[in-house]
Amino acid sequence: MLSTMTSLLETTILYSTPLILAALGGLFSERSGVINIGLEGLMTIGAFTSAVVSINTGSPWIGLLAGIVAGILLALIHAIATVTFNADQTVSGVAINFLAAGLTVYLVKALYDGAGQTPVVDSKFTEWAIPVLKDIPVLGDTLFNTSPITYIALILVFVSYFVLYRTPFGMRLRAVGEHPHAAETAGVSVVKMRYIAVLISGAFAAVGGAALSTSIGSEFSATTVAGQGFIAIAALIFGKWKPFGVLGAAAFFGFSVALSLTGQVWGLTKYVPSEILTMLPYLLTILALAGFVGRANAPAAIGKLYEKGSR
Amino acid sequence: MIGKLNRNSTLISSLISIVLGMLVGAIAMLLSGYDPIAAYGALFGSIFGSASDMGETLRTITPLIFAGLSVALAFRTGLFNIGVEGQLVIGGLAAAFVGLKLDLPPVLHAIVALVVGTLAGAIWALIPGLLKAIRGVHEVIVCIMMNWIALFLSNYMVGKVLSNNSDSTEKIHPSASIRVDFLTDLFDGARVHLGLILAILAAIFVYVLLFKTKLGYELRAVGLNPSASEYAGMSVKRNIIISMMISGGIAGLAGAVELLGTNEYLSINASLPGTGFDGIAVALLGANTPMGVVLSSMLFGGLFNGGNNMQYVAGVPFEVIRIVFATIILFVAANIVKQVGNRKSRKKKGENAGA
Amino acid sequence: MQMKRWLGSLVAVSLVATLAVGCGGNKDKDKGTAKGDFSVGLVTDTGGLNDESFNQSANMGVQKAKNDLKVDVKAQESKKDEDYVPNLTRFAKDKRNLIWGIGFKFDKAIPEVAEKFKDSKFAIVDSNLGGKIPSNVVAVTFKDEEGSFLAGVAAGLTTKSNQVGFIGGMSSPTIKKFEAGFTAGVKQANPKATVKVVYAESFSDATKGRSLAKSLYDGGADVVYHAAGGVGKGLFDEVKSRQAGKYWAIGVDMDQSRLAPEHTLTSMVKRVDVATFEITKQAKEGTLKLGTEVNFGLKDDGVGLSKNSKISPEVMKQVEEFKQKIIKGEITVPSK
């Protein structure tokens, strides 16, 4: 029984970590009024860069930093296109996804002699046990003895909440996403705030990608991210564009996946085909949304072009 | 006069966007030691190079037109149908079911399969539509979830219902196929099928619907300003549901057409086909207009099919095409050339005024 | 106005594409045509050339043919299932003598193209085309169940907890063969042991693979075998985080020990390279029998356990005995 709970919890953590990070990234961008469909691409570039740099430097931390830089650079393209050049935000996000998918696989082929994936990342993140807390039953072995990236993800939930709701910076950022013209009148630079927010989203999503290639897994290939960026967008909306909402949504999804997978080990496949069991997380998410969560209100100015002085 | 000037500069700026996109691709190739001239020669040579290459290009374009129209139509009503992917899978599944399990005379069989595929796609899209209209649930999440459910449902049906526990179904009955000899012969054996004609018809349908009917007017009004439309007596909920169903129907038809024309069988798949996501790019690049969708599908399909040939002839990895395409989308979307020009002239003006 | 700007751009884009065709068009014709007296084309499925699985292995075989037999070789990756037919057609139009389609996903494309190009020879890996093999096609299949049986024997005799696990990619007959053989091997070698079977319904989601492995190990299994492509990478990530010498993983298709050197008990190696080389050689020498299925099993070294393994000598002895029994026909391994 204890081991079952441990498995469930561990799988939940495994699955939610990248989702939390990418969705938090999306949160900053969208709260400032910039849609970020490009989370998938930002995760991809982060996963690729951190894997390659970890392999070459032997340090996952340097890899992670490099991944963040790469994520910021790619997000910069999104920011320049949408904020400075007023490109349609969804179009730009889609382009970011295409760009990352093409570029990373192309570079893997170029760097590793035509290979479809990077070599194994030997120096990956290993579990950190937190003293004292690690001795708590179930929780100690899972939540308090896990990858540093998971701790980063959890800490970032609190930090994001604090920054967005308790600092002037956060207030300005949200104001820009709700009423950009009013904010501008009040002396807030819409352009500057949106640039910062989009770059933050690139950094966070890249850490999510790094989790996939240097913590949960240990290589990068074309299928490393495989749609998680889109699930992260779903988690962001499910979580109603709020940090703790995102945490809850990602954990809910991770737990549903854990149930469907652990269910197989319990032998549920005798009664339900595994294809049907695999649908479980997706069905549960829809049911939860339809039954309990309901209406979601996006930031008011999201997706709208903003031109200084025009109304 | 000014209009003409503007149009010219738009043309030039788009041309520059493409050249820039290809330049980025060329730089990527040069940096890793490939010959960009040979690569691009192979790419363009194959788009219309021979009858069969041209045929395969048209075959690639067909589902993109449908997917693009589907996304575009929903966009016009203010909905982001990111679920085209799943609606397409379900349309294909339904068409496969009709094509394999029913015995009908030719023509009628194909028509029934197409209609059932369309309906299946519409019903699949009805779920996010209903949830959005009734419960206010964001269609993007429901669509993303429905995509995966469609994939697993299709895999289950292939193995357990449509075949005797196999990886793929038999070929559909010939009576349900929409391949026709004259098209196949015209394009030297390429798999061009009636779907291409249906795609053009669908584009005309969407154009007429959106711009020539009262329903289309309402759909667009709801997309532009839901509260004003509500005030003017339109039902926003009703229009959301209708828009999602038509959008899903077009996506379902795309799946049916691919199944009945291109593949003629269904197999289990480890991942989603990706056509729906390509459709998003196609629709947005085509400014959500039917004509724009057709044109951007041509560009997209041509590049993608040409990319395969580029890999074949010049040995350049296909991924270069994705880089080139992404760059073109970005440059065109940002209208970067024109804006840089504007900025410069504005700056100049400012300096002059200052002096 | 906004719309018009967009449309204008698109018209321009399409125009340039067409113009460029006019300039760059015919230049490259015939360039792809095969040189040398015997030429081979190989089309991968969507896994790509270097998938560390059967595509890569198949390519190794034809590359060996290129070096040893001086045949001309060209390989092409497929990006979508819809690409199979045009990719095969390209090679056929190039008049390549032997054209390979790698993987069961070619089971509709190969007959379709073979029908149109009667003068070319085609070969498909991992499918017997339902027994209906055209007269210019050879179908190459593997007794995956026999190799998996030996993996099962090794697992059954190595386990201390009498619990072993199997992670499948997608529940399809191609993968069920692995499961059936493995389960039979475990039972024969160690009747007390139980096999827990799980499916990821994916071939790429490594996170899912790691989660499934976690659940299996947490549930008491100490040896886990996979036939799940990229999903299986997660198995190695999980086993690596556990005590070496106590928890084991068994790889598939190629020697996967590099993924977790201390934890990989062995790998069920499928010698697609042996098959593609042999068939290519026979085709070149004109001895290839077409219209038939060629089945590679333990007997032909088409499947087997990797040389590089951590199986203990005592267990290895028994594995060898079972191997001989299968080759002699004393044991028939189930494939379903």
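Colleague: How many salt bridges does the rule count over all chains?

Modeller: The count comes to 38 salt bridges over all chains. Keep in mind that this is a predicted model.

Colleague: Which side chains meet in a salt bridge with N to O at 3.9 Å?

Modeller: Those of A:Glu127 and C:Arg210. This pair crosses between chains. A:Glu127 sits in the loop between α4 and β1 (128–129) of chain A. C:Arg210 belongs to helix α7 (residues 206–218) of chain C.

Colleague: Let us turn to chains A and B. How do I read the size of an interface?

Modeller: Interface size is often stated as the accessible area lost when the parts come together. Here, chain A and chain B bury about 4000 Å² between them. Carbon and sulfur atoms account for 81% of that area.

Colleague: Which residues of chain A lose the most area to chain B?

Modeller: A:Phe85, A:Phe98 and A:Tyr106. Together they make up 20% of what that side buries.

Colleague: How many residues does each chain bring to the contact?

Modeller: Chain A brings 45 residues, and chain B brings 47.

Colleague: What about polar links across this interface?

Modeller: Five residue pairs are in polar contact between chain A and chain B, with both residues at pLDDT 80 or more. The rule also finds two salt bridges across the interface. A:Glu275 and B:Lys160 meet through their side chains in a salt bridge, at 3.7 Å from N to O.

Colleague: Which elements give two or more residues to the side of chain A that touches chain B?

Modeller: They are α3 (60–84), α4 (89–111), α10 (228–238) and α12 (274–293) of chain A. The largest share comes from α4(A), with 14 residues. By class, this side of chain A divides into 34 nonpolar, eight polar and three charged residues.

Colleague: Now the empty space. How is it found?

Modeller: A probe the size of a water molecule, rolled over the atoms, shows where empty space is left. This structure holds six cavities of 30 Å³ or more. The second largest cavity has about 70 Å³ of space.

Colleague: Which residues line the second largest cavity?

Modeller: They come from chains B and C. Among them are B:Arg191, B:Thr262, B:Asn263 and B:Tyr265, along with C:Asp81, C:Lys108 and C:Glu112. The elements giving two or more residues to this lining are α11 (236–263) of chain B, and α3 (84–93) and α4 (109–116) of chain C. The lining has four nonpolar, two polar and five charged residues.

Colleague: And the pockets? How much space lies in the second largest pocket?

Modeller: About 1300 Å³. Its lining takes in 35 residues. Nearest the centre of the pocket lie B:Ser166, C:Ser127, C:Asn128, C:Leu129 and C:Gly130.

Colleague: Which element gives the most to the lining of that second largest pocket?

Modeller: α6(C) does, with four residues. At least two residues each come from α4, β5 (137–142), α5 (144–158), α6 (173–189) and β11 (293–296) of chain C. The classes here are six nonpolar, 13 polar and 16 charged residues.

Colleague: One last residue, then. Where is the place of B:Met157?

Modeller: In helix α6 (residues 139–162) of chain B. Leaving aside neighbours within four places in sequence, B:Met157 is in contact with B:Leu93, B:Leu162 and B:Ser163. B:Met157 and B:Ala254 are 97 residues apart in sequence. In space, their C-alpha atoms are 19 Å apart.

Note on methods: Residues are numbered from 1 along each chain as its sequence is written. Chains are lettered from A and ligands numbered from 1 in the order in which they are written. Side-chain values use heavy atoms; hydrogens and water are left out. Contact means heavy atoms within 4.5 Å. Buried area is the accessible area (1.4 Å probe) that two parts lose on being put together, summed over both. A salt bridge is a side-chain nitrogen of Lys or Arg within 4 Å of a carboxyl oxygen of Asp or Glu. A polar contact is a pair of N or O atoms within 3.5 Å; within protein, one must be able to donate a hydrogen and the other to accept it, and residues adjacent in sequence count only if both atoms are side-chain atoms. Ala, Val, Leu, Ile, Met, Phe, Trp, Tyr, Cys and Pro count as nonpolar, Asp, Glu, Lys and Arg as charged, and the others, Gly among them, as polar. On a 1 Å grid over the protein atoms alone, a cavity is a set of points where a 1.4 Å probe fits but cannot get out, and a pocket is an open set with protein on both sides within 12 Å along at least five of seven lines; lining residues have an atom within 4 Å of a point. Grid points are joined across faces, edges and corners, and a volume is the space filled by probe spheres set on the points.
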